[in-house]
Amino acid sequence: MQQTEATRSVPGIASSAIDAMLKRERDRFLQANPTSAKLAEQAKAHWHNGVPMHWMLDWSTPFPLYAKEARGATLTDVDGHAYDDFCLGDTGSMFGHSPEPVVRAIREQSTRGLTYMLSTEDVPVVGQLLSDMFGLPFWQVATTATDANRFVIRWCRAVTKRPKVLIMSGCYHGAVDDTFLRLDNGKPANRAGLMGQIYDLTQGTVVVEFNDLEALERALKAGDVACILTEPALTNIGMVLPEPGYLDGMAALAKQYGTLLIIDETHTISTGYGGYTRMHNLKPDFFTLGKPVAGGIPCSVFGFTAEMAERMRRAEAEAGPGYSGIGTTLSANALQLHCMRANLSEVMTPANYRHMLDLSERLARGVEAEIRKRNVPWHVSNVGARAEFVCAPTRPKNGAEAKAAMRPQLELAVHLYLLNRGVLIAPFHNMTLLSPATTAAQVDHLVATVGGCLDELKAA
Ligand SMILES: Cc1ncc(COP(=O)(O)O)c(C=O)c1O
């Protein structure tokens, strides 16, 4: 029988142990969460599938967990359980829930009007902050990382007059139509589960594997690729780190073939102050960042070089009057700008990053030690303050290898085990995030709980 992703065997752990843990942990969750259960039942009356957004069904819990409040790196649910939160709204709250400077900014702006479609005094200040932090001179604001990526793709097509976008197999850049392709046995195909797509995406998108410069060059040679859109390390299919020289090679090939380079830092902003781009001295033409940039207020930004700004102005002049298709009404509103000002200047600071990176090391080394003690062939990867344990012995080189390493059934069991013991990790693969508010005690609790989980899995 061919093994599906869900039934794939897990080296060192019996599949019966995983099933048994899942059953035990589901029962424990049902017992412990009567208020969540009641609210989940009530919500079915008016919400599609019982939730306001399908993410809430992606968790390991048998029904959605209902949060009551969160502050710093601690979240409390409606049944009164407190969690060490390593999910952090999967990055939207990467710098902690309700950081004080952002709370103050929200309070200040809340009585002055939230959205005017006009600039405010924050605009020049935030432009300067973005430029100082990320090194690109020009910026625009959107509301989600998805939008920032969509808008930048449109700009790239406009300035290069080329049709295609190149993406990495296994990438995720938000709900951007052009990116919903993967390589399937080496051939581009729509991502599994994609709905309502009537266009042949292969007409506008080229897909290659990460860390493969030869494939990249073959794709760029045709001269029809407007831009490469990539994360500097893939973070949405487990974690795939760039091999030495890969990102420099990519930038060189992009330059050689007249293709623009977009670095999506929405997740890799975890790397350190200024994101992966600054830490590794990358030179993208465009840079996108969403989720945590305004401390959890919906907001995203994209930055670009002076050369791009000039080419964008030329493209605008050529397009003439009308509507560019770039922009949404609430983008760059007064609240976003005021919160970004507070977050960039007082929360995303080098000192806070130092704390996050130290804790990430503590978490990675701690989980590694637990894995080693039990002799399971797993490993840990981290990109700064984003750390992930992977149920495979070696680091994947690309999306295909990362996908092959996934063990969804095991992940469900581990996530629920942790959640039932007050540790929340992101519902996708085994992703953890460290914030300025996270404490060493919280990290040690996670490490010890992973150890306990492994003991139970190995004992069965
Ligand atoms: C790298 C990356 N870019 C963009 C996005 C899209 O973010 P949003 O859903 O806030 O638009 C995500 C979401 O996970 C992401 O991981």
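# A walk through the cores, cavities and loops

The largest nonpolar core of this structure brings together 64 residues, and within this core F134 and W378 have the most contacts. Both domain 1 (15–97 + 350–459) and domain 2 (100–347) contribute residues to this core, so the core lies between them. Keep in mind as you look around that this is a predicted model.

Setting aside neighbours within four places in sequence, W378 is in contact with V10, P11, I13, I371, F389, V390, C391, A392, L410 and L454. There is also a second, separate core, made of 59 residues, and V176, L181, L220 and A402 are among them.

Now step back to the two domains. The domain assignment gives domain 1 as 15–97 + 350–459 and domain 2 as 100–347. Taken over C-alpha atoms, the centres of the two domains are 27 Å apart. Where they meet, 29 residues of domain 1 and 33 residues of domain 2 take part in the contact.

How many cavities of 30 Å³ or more does the structure hold? There are two. The largest cavity has a volume of about 90 Å³. Its lining is formed by 14 residues, and G238, V390, A405, M406 and E411 lie nearest the centre. By class, the lining of the largest cavity has eight nonpolar, three polar and three charged residues.

The second largest cavity has a volume of about 40 Å³. You can find it by looking for W59, S60, H415, L419, L424, I425 and P427, which line it. Five of these lining residues are nonpolar and two are polar, with no charged residues.

P232 sits in the loop between β9 (225–230) and α7 (246–256). Is P232 buried or exposed? Its relative accessibility is 0%, so P232 counts as buried. Beyond its neighbours within four places in sequence, P232 is in contact with F210, P242, L247, I263, D264, E265, T268, Y276 and L282. L419, one of the residues lining the second largest cavity, is 187 residues from P232 along the chain, and 30 Å separate their C-alpha atoms.

The other two loop residues are asparagines with a positive phi. N49, in the loop between α2 (34–43) and β1 (67–71), has a phi near 55 degrees, a positive value in a residue other than glycine. With 54% relative accessibility, N49 counts as exposed. N211 is found in the loop between β8 (205–208) and α6 (213–221), and its phi, near 65 degrees, is positive as well. N211, however, counts as buried, because its relative accessibility is 10%.

Terms used
Residues are numbered from 1 along each chain as its sequence is written. This is a predicted model: local features need pLDDT of at least 70, side-chain atom pairs count only at pLDDT 80 or more; totals for chains, interfaces and linings use all residues. Side-chain values use heavy atoms; hydrogens and water are left out. On a 1 Å grid over the protein atoms alone, a cavity is a set of points where a 1.4 Å probe fits but cannot get out, and a pocket is an open set with protein on both sides within 12 Å along at least five of seven lines; lining residues have an atom within 4 Å of a point. Grid points are joined across faces, edges and corners, and a volume is the space filled by probe spheres set on the points. Ala, Val, Leu, Ile, Met, Phe, Trp, Tyr, Cys and Pro count as nonpolar, Asp, Glu, Lys and Arg as charged, and the others, Gly among them, as polar. A nonpolar core is a set of buried Ala, Val, Leu, Ile, Met, Phe, Trp, Tyr and Cys residues joined through side-chain atoms within 4.5 Å. Buried means under 20% relative accessible area, exposed over 50%, partly exposed in between (1.4 Å probe, protein chains only). Domain bounds come from an automatic or database domain assignment. Contact means heavy atoms within 4.5 Å. Helices (H or I, at least four residues) and strands (E, at least two) are DSSP runs, numbered from the N terminus.
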